[in-house]
Amino acid sequence: MCGIVGIVGHSPVNQLIYDALTVLQHRGQDAAGIVTVDGQAFRLRKANGLVKDVFEIKHMHRLQGNSGIGHVRYPTAGGSSSSEAQPFYVNSPFGISLAHNGNLTNYEELIALMANMRRHINTSSDSELMLNVLAHELQQFDTLKPTPSQIFTAVGRLHQQVRGAYAAVAMVIGIGMVAFRDPFGIRPLVLGRKHTVAGMEYMVASESVALDASGFETLRDVAPGEAVFVDFEGNLHTQQCAHNAQHVPCIFEYVYFARPDSTLDGISVYGSRVNMGVKLGAKIKREWEEHDIDVVIPIPETSCDIALQIANELALPYRQGFVKNRYIGRTFIMPGQTQRKKSVRRKLNAIGVEFKGKNVLLVDDSIVRGTTSEQIIEMAREAGANKVYFASAAPEIRFPNVYGIDMPSPDELIAHGREVDEIRRHIGADGLIFQDIADLEAAVAEANPTIEHFETSVFTGNYVTKDVDQAYLDRLNASRNDGAKTARAGEQGTNLEIHNVCHS
């Protein structure tokens, strides 16, 4: 999962993009990058690391220009090498830079297509691949300045070739900003504007909170299959560019990824999590009627709003039993099982008085690999808990995700091939309960009933793009399981050592 932002303004945008990326940091901690447009030149800074570490004062001074795009990355396709950091750039036609959130499911097909078009792809990133598809389609128009209609035609042709999940934003030298969303609207993209003395400024971002931080008014979500074009004079053009577009947003955005103060596709993330607590609390009351729970404790931070509502439903005390070190990254999006294991106890510390001698209900947003849940339950017992029950605000995650979330290997998913009681024994809980899929969908859809379906493949195994078969999943597993990641990390470490020797 990544975060993207793009702005066309009338004054320098480097600080605005930096601020937007800072509030989108939760979407990716592997790398960050900003490209600004300074006349007829791109100014680029990107590297591995957090936003605050990648951009020093000297970099910000160099990022001149009134328009630009930014990106925070966590790796799914490709590796963690700094060469995979975004935005990417091609010099033909015009000069185009692009940032992308999502994952393309027909990567190998597109690689072959671009090779036939004599376009070289320098990394294993599907984002660079998408950039080249867009560049190729824009190059088909024999003009120095394509019209909005021609730009929308190029995006429409891209939709016909590219499959998977994608929200993307691109800057084209001398032309303007182009942003678009896949025909299913799997990944989010929000459009905003700001009135200034010099004229209207426009912004797109992965979440509405990025617009808030930059002082932009949220206009609306970019529709599935829609493209937004803002020229450098500040004129906004929009058009639906996909045939048979459907609105099937990723439900995991609301469960885990998005910030609670964001609104995506007309749905408050905070409100959806409150609703999840209502639904799950009702299920606990129904199925554990004779429970002996003394207190409800969230596993911070995503589940706090959910747990509070569960406590209200059950008429039980709600307590903050864990203190979170906010300077440790989100364990779910850390590459590699070893790193995730090491980070859990550095990230959380139990408050003993809230556990000692009590039967506690721990609430988390989801259970993915189960390693974190197991360690947290151990911490609760070490803090003196008598019994430890566990509730997940999401259903059992049984299937790989192919749309930009790092859940690639079925063997690494604790619920794959296991029933609830077996999962309970595996993580060491005295009781375990999951949200029902129907309740989860109802909890999220309540604020926007026009959305009839969500992308829920990790729970159901139903992939909305209809192009994912077992052969694809096997290839994905081989390239993205923890063993493959460890091997890539070793290769990148060796390359880094060579690089340092050459420049010492």
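Modeller: Let's begin with a word we will need at once: a residue is buried when its relative accessible area is under 20%, exposed when it is over 50%, and partly exposed in between, using a 1.4 Å probe and protein chains only. Helices (H or I, at least four residues) and strands (E, at least two) are DSSP runs, numbered from the N terminus. Please keep in mind that this is a predicted model, in which local features need pLDDT of at least 70 and side-chain atom pairs count only at pLDDT 80 or more, while totals for chains, interfaces and linings use all residues. Residues are numbered from 1 along each chain as its sequence is written, and side-chain values use heavy atoms, with hydrogens and water left out.

The helix I have picked for you is H10, residues 304–314. Its buried residues are Cys304, Ile306, Ala307, Gln309, Ile310, Ala311 and Leu314. A reminder for reading such a list: an α-helix has 3.6 residues a turn, so residues three or four places apart point the same way. Among the elements that cover the buried residues of H10 are helix H9 (269–287), strand E16 (295–298) and strand E19 (359–364).

Now for what comes after the helix. Alanine 315 follows H10, and its phi is positive, near 55°. Most residues other than glycine have a negative phi, and most peptide bonds are trans. Proline 317 is partly exposed, its relative accessible area being 34%. Setting aside residues up to four places away in sequence, proline 317 touches Asp294, Val295, Val296 and Ala311; contact here means heavy atoms within 4.5 Å. Ala311 is one of the buried residues of H10 listed above. For a sense of distance, proline 317 and aspartate 38 are 279 residues apart along the chain, and their C-alpha atoms are separated by 56 Å.

A nonpolar core is a set of buried Ala, Val, Leu, Ile, Met, Phe, Trp, Tyr and Cys residues joined through side-chain atoms within 4.5 Å. In soluble globular proteins, nonpolar side chains tend to be buried together. The largest core here has 83 residues, and the ones touching the most other members are Phe55, Met203, Phe252, Met276, Ile284 and Leu361. Helix H1 (residues 14–23) gives this core its largest share, 6 residues. Another core lies apart from it, with 32 residues, including Leu134, Leu138, Val155 and Ile175.

Stepping back to the whole chain, the count is 17 helices and 21 strands. The radius of gyration is 23 Å, close to the 23 Å that the globule rule gives for 504 residues, so the protein chain is as compact as a globular protein of that length. That radius is taken over C-alpha atoms, and the rule is 2.2 Å times the number of residues to the power 0.38. Along the principal axes, the C-alpha atoms fill a box of roughly 75 × 55 × 45 Å. Of the 504 residues, 60% count as buried. Among contacts with a separation of 6 or more, 71% are between residues 24 or more positions apart.

Phenylalanine 94 has a positive phi, near 70°, and lies in the loop between E5 and E6. With 25% relative accessibility, phenylalanine 94 counts as partly exposed.
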